[in-house]
Amino acid sequence: MRRLFSKYRILLPVLSLALLLAATFYMQPRTMSYFGVNLLFNLAVPIALATIAQMCIMMVEDIDLSVGAFVSLAACVTATLLNDQPALGVAVLAGLVAAYAVMGAVIHRLELPAIVVTLGMSFVWGGLALFILPTPGGASPGWLRGLMTSTPPMVPMAVVASVVIATVAHLLIIRSGIGTVLRGVGGNARSVARAGWPVIRLKALAYGLAGLFGVLAGMALVGLTTSADANIALRYTLLSIAGVILGGGEFTGGKISPVGAVIGALTLTLAASFLSFLRLSPDWQIGAQGAILILVLMARLLFTRRNARDGSGGI
């Protein structure tokens, strides 16, 4: 069993989600229905997209502290420009993706610490969001609202969207050739450079993908909330990092799991509902979510170390 969990690191996030879902159904049996599941995971879609965005950065051995502010900015653009002037809104959102790619290239070119640069950029994104939408408001485009609130047969929209996000990210990052090279940058950038690949362009591509998923997260969030706010997604920064780690990813070596990252986002979303059912004060819920994350990480570390010890026992 220890070797199984160590080899297939996706199993621990799946087990964590299954146990938490079973506990939620036990406490609130009425959630065991189409609409109940949809309500439990309704806000998981933008969190999952933000988590994939963070995963693209961690894939190249960086970390992004501006994801939350960037998603908030994308939400503000969606609720204002995209709704009122679609062509201009699309151009601005595309410009934001390009700006993210440029940020990645600059970080690598000048050998700057990504954690410092992205922390500084979080204030830039936040300032732009306030400039576009000084007070909460705006409106979701009708087509976006219709998409996010649609009711597919048998399976809720939140679950369908999560499966689509996980599948697309898996095919793009794990199965494609360029995804393999990008993960190689996180594993050993010098070897990738010696093989003739332009590392600066690869870093820019990874950051550009993160920007794309960040924009999609902002759009999905507006589709669900029907309005925006400059601070609407600030907590997504920590949630995205936790989701990647909870899903089996690591800070070094380009070790990530797109499917695991989405499952981690679902687990964190479900944890918030579960803690609400426990009538736990909102002031304590963030700490309780952190405790859940620590427990899962401890279990993963336990399985990994014991398997390593057993594997070296005969040496």
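Me: What makes Thr 78 count as buried or exposed?

Reply: In this predicted model, local features need pLDDT of at least 70 and side-chain atom pairs count only at pLDDT 80 or more, while totals for chains, interfaces and linings use all residues. Residues are numbered from 1 along each chain as its sequence is written, and side-chain values use heavy atoms, without hydrogens and water. Buried means under 20% relative accessible area, exposed over 50% and partly exposed in between, with a 1.4 Å probe and protein chains only. Thr 78 has 0% relative accessibility and therefore counts as buried.

Me: Which residues are in contact with Thr 78, neighbours within four places in sequence aside?

Reply: They are Asn 83, Leu 93, Ala 139, Pro 141, Leu 144, Met 219 and Val 222, where contact means heavy atoms within 4.5 Å.

Me: Why are Cys 56 and Cys 76 called what they are in terms of accessible area?

Reply: Cys 56 has a relative accessible area of 0%, so it is buried. Cys 76 is likewise buried, because its value is 0%. The count of disulfides (pairs of cysteine sulfur atoms within 2.5 Å) is 0.

Me: Why are α4 and α13 called oblique to each other?

Reply: The axes of α4 (residues 44-59) and α13 (residues 258-277) cross at roughly 140° and come within 9 Å. Angles under 35 degrees count as roughly parallel, over 145 as roughly antiparallel, 65 to 115 as roughly perpendicular and the rest as oblique. The pair is therefore oblique.

Technical notes:
Axes are lines fitted to C-alpha atoms, for helices over the stretch in contact, and angles run from 0 to 180 degrees between N-to-C directions. Helices (H or I, at least four residues) and strands (E, at least two) are DSSP runs, numbered from the N terminus.
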